[in-house]
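Please look over the sequence and the three-dimensional structure shown here before reading on. The briefing that follows is grouped by topic.

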Amino acid sequence: MKASLYLISLIALAGCSTQQPAKDGTLTLKDALGKHEILAGVAVNVDEVAGRVPKAQDVITANFSSIVAENCMKQEKIVPEQDKYFFDDADSLVAFGERNGMKVIGHCLVWHSQAAPWFFTDAKGGEVSRDTLISRMKNHISTVVGRYKGRIYGWDVVNEAIEDDGSYRQTPYYKIIGPEYIEIALKAAEEADPDAELYLNDFSMSKPGKRDKYVELVKDLKLKGCRIDAIGMQSHNGGDYPDLSEYEKSMDTFAACGVKVMMTELDLNILPKPEDFGGGANVGDEFKYRDELDPYKDGLDEQAQKLFDDRYLAFFKIYEKHKEQISRITLWGVSDKTSWLNDWPVEGRTSYPLLFDRDYNAKPVVQKIIELF
Ligand code: XIL
């Protein structure tokens, strides 16, 4: 049985252009994860898609089987003014993914951060009514999802709806519409593209309160007739967070609800944490730059490098152990050079959170990850 399964996966591998080993015969991340039907994803920016960073394109196409837009599909970019959609960048990204046989993920439809400034405001500058916001939200979803119908593999429909303690995040969507906004959004997305996968995505998914709330949400939304294909655990990880056993527990708990689990925004920030920084990935968090928060301007020292390697491997060991539950692991960026963690939560630092260095070379840990799988 095992042998025949192995044979079938070999045949599947041979038939799928995105999972071929690199030209020189070496296995890459997408081959290794693809063996277990896990997509190897990466968030890409507009310069990379446009070919302005040729080394980046080589890394993306050689190592990854899925892409997601780091920014260009967010509301503030795609519809900066009321009903004036700007699709050029998103169109190029989708076309780039298709040209290279990659699964394209849409990020994201409903999110309080990077929202279009006009979205929650009426003509007089006051707060929009509930009915208006519902109709704007549905219209946004049907316009964007409808445009890429059949071309986007899955959508982050609602991003960051829940606080760490399990309460609803007090976003304009929640405050104006109420908790039903999640159900309305999922149904609108399904209607616009019934074949696209639908996801709820959030950071700090290892926090027990958040985990429990997502379990309750998934069950409740399914009873209300919503489809949810996977829970996205963003996984903006640090040197000492999240707690690995809590993180694993969240994977098991979500999978037990009958959804797949995805690591949707993986990176690893080992720079010193500002006091009062509680982990997570709230893009609104900002801390003042201080020299001591930026100790590796010229490269990681031996100890930091070891922490980086060990911690990445620890996460990937967990992913390997839970491989049946996972459908995608996406890195939040191609190279350290352009990672958002150079500027968040402290602006202007030199960070090393990704798997490819500033010259677009694979870090040694990549080979270890490949061997693991
Ligand atoms: C980040 C981008 O990487 C940055 O370029 C941008 O300035 C802010 O947003 N959670 C998410 C992502 O869902 O969309 C965020 O991406 C990181 C946190």
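Asp 202 counts as buried because its relative accessibility is 0%, where buried means under 20% relative accessible area, exposed means over 50% and partly exposed lies in between, with a 1.4 Å probe and protein chains only. Asp 202 has its place in strand β5; helices (H or I, at least four residues) and strands (E, at least two) are DSSP runs, numbered from the N terminus. This is a predicted model, in which local features need pLDDT of at least 70 and side-chain atom pairs count only at pLDDT 80 or more, while totals for chains, interfaces and linings use all residues. Residues are numbered from 1 along each chain as its sequence is written, and side-chain values use heavy atoms, with hydrogens and water left out.

**Ligand site**

- Around the ligand there are 15 residues, of which Glu 70, Asn 71, Lys 74, His 107 and Glu 265 come nearest; a residue is near a molecule or strand if one of its heavy atoms lies within 4 Å of it.
- By class, this shell is made up of five nonpolar, six polar and four charged residues, where Ala, Val, Leu, Ile, Met, Phe, Trp, Tyr, Cys and Pro count as nonpolar, Asp, Glu, Lys and Arg as charged, and the others, Gly among them, as polar.
- The side chain of Glu 70 places an N or O atom 2.5 Å from an oxygen atom of the ligand, and the side chain of Glu 265 has an N or O atom 2.8 Å from a ligand oxygen atom.
- For Asn 159, a polar side-chain atom lies 2.9 Å from an oxygen atom of the ligand.
- The ligand taken alone exposes 420 Å², and the protein buries 84% of that; accessible areas come from the Shrake-Rupley method with a 1.4 Å probe, and for residues only the protein chains shown count as cover.
- The second largest pocket is where the ligand sits, and a molecule sits in a cavity or pocket if more than half of its atoms lie within 2 Å of its grid points.
- On a 1 Å grid over the protein atoms alone, a cavity is a set of points where a 1.4 Å probe fits but cannot get out, whereas a pocket is an open set with protein on both sides within 12 Å along at least five of seven lines; lining residues have an atom within 4 Å of a point.

**A buried side-chain contact**

- Glu 248 belongs to helix α11, which spans residues 244–256, and Glu 248 counts as buried because its relative accessibility is 18%.
- The side chains of Glu 248 and His 322 are joined by a polar contact of 2.7 Å; a polar contact is a pair of N or O atoms within 3.5 Å, and within protein one must be able to donate a hydrogen and the other to accept it, while residues adjacent in sequence count only if both atoms are side-chain atoms.

**Backbone geometry**

- Most residues other than glycine have a negative phi, and most peptide bonds are trans.
- The peptide bond from His 107 to Cys 108 is cis, with omega near -5 degrees, and Cys 108 is found in strand β3, residues 103–110.
- Trp 344 and Pro 345 are joined by a cis peptide bond with omega about -5 degrees, and Pro 345 is in the loop between β9 (326–331) and α13 (364–372).
- Ser 235, although not a glycine, has a positive phi of about 70 degrees; Ser 235 has its place in the loop between β6 (230–233) and β7 (236–238) and is buried, with a relative accessible area of 5%.
- Asp 276, also a residue other than glycine, has a positive phi near 75 degrees and lies in the loop between β8 (260–269) and α12 (302–321), where Asp 276 counts as exposed at 75% relative accessibility.

**Separations between C-alpha atoms**

- Ala 115, in the loop between β3 and α7 (130–147), is buried with a relative accessible area of 16%, and its C-alpha atom is 7.1 Å from that of Lys 74, 41 residues apart along the chain.
- Leu 200, in strand β5 (residues 197–202), is buried with a relative accessible area of 2%, and Leu 200 and Trp 155 are 8.6 Å apart, C-alpha to C-alpha, and 45 residues apart in sequence.
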